[in-house]
Structure formats: structure tokens, C-alpha cells
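Subject: Structure for your review, with notes on its disulfides

Dear colleague,

I am handing over the structure below, together with some notes on the disulfides. Please read the notes with the structure open beside them.

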Amino acid sequence: MCNLRRIAVVALLAAAALVPVVRPAAASPAQCVVQGTVVTAAPLFYPAIGPFSAGAFDLGGVTCIPFHAATFNGQIGGWCGLANAFGVLSGHGFVADLRGGELVFSGTVVGRLTFTPDATSGESCVSGADRFLVTGTLTLV
């Protein structure tokens, strides 16, 4: 009888070892659609025309999927077409490099945004722009 119990326990353990472990699926990264106007605290100029500028920025009009409105703000320093930024998008830290008209993100936020002076509001990098139109998609990782 004792051997029969041992055999049953061993068989049960062997069968349990064959059952696959089910793990929950990893959450997919959130995708954020960005379209709006970035307002900087200090105007940015072309490098040969104006001084280095630094200050805060803020952007409304960000929606992330799974759906939620996102906050997007930070600091930017440099010139039009050549600057660095850091900040937070919906609780995720980022660093970004502005090269030409493209803002490239890394960190826990990755992706690219177009970043151009809001010419419809008279903004120009020659006279100093503090309103920039941005569009693109960012991923929260």
C-alpha cells in the first residue's frame, strides 16, 4: 500500500511537471498620437541669428491608446533645428533631440515628431519662434 502511494505521488508530480505554466501576456506599449502646438517659455532662433534659448514647454492635444488624455511637458534648450529636450509624457520620462524639423525621442518614450514654427501665427526662427506645430506618434515603453 505504501509503495502504491509513492507511485501515485510520483505520477502526480510527473503529470504536474508536464502542464505548461500560463503567464499573463505582457502589456503592449501604449501608442500616443500627438498633434498640437508646443509653446516654449523662451523663443528659439536659428543658430547663426539668435542666442541659445532654454525654458519650459507644454503641449496639449495628446491622446494615448489604451485611451487616455496625456500630459506632455518638459524643458528645451538650443536653437531652431538644433536643440535638446527632456520631460515627461503621461508619467514616462524622455529625452529628445531636435535636428532640423524632427524631434527624435528616446528613453521610456520613443518615436519622432515633426516640429516646425507655427507660420500661420507669424512664428519664424529668424525673429524667434515660441509656438511650434507638432505631429506624429510616440510609443510609451
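The torsion about the S-S bond of Cys80 and Cys125 is about -80°, so this disulfide is left-handed. The bond connects distant parts of the chain, since Cys80 sits in the loop between strand E5 (72-79) and strand E6 (82-89), while Cys125 sits in the loop between strand E9 (109-117) and strand E10 (129-140), 45 residues apart. The S to S distance for Cys80 and Cys125 is 2.1 Å, and both of these cysteines are buried. Please keep in mind throughout that the model is a predicted one.

A disulfide also joins Cys32 to Cys64, with an S to S distance of 2.0 Å. For Cys32 and Cys64 the torsion about the S-S bond is about 100°, and the disulfide is therefore right-handed. Because Cys32 belongs to strand E1 (residues 30-44) and Cys64 to strand E3 (residues 62-65), the pair ties together parts that are 32 residues apart in sequence. Cys32 is buried, as is Cys64.

Taken over the whole protein, the count comes to two disulfides, on the rule that the paired cysteine sulfur atoms lie within 2.5 Å. When the bonded cysteines are counted along the chain, the disulfides follow the pattern 1-2, 3-4.

Methods: Residues numbered from 1 in each chain as written. Predicted model: local features only at pLDDT ≥ 70, side-chain atom pairs only at ≥ 80, totals over all residues. Heavy atoms only, no water. Helix = DSSP H or I, 4+ residues; strand = E, 2+ residues; numbered from the N terminus. Buried < 20%, exposed > 50% of the residue type's maximum accessible area, 1.4 Å probe, protein only.
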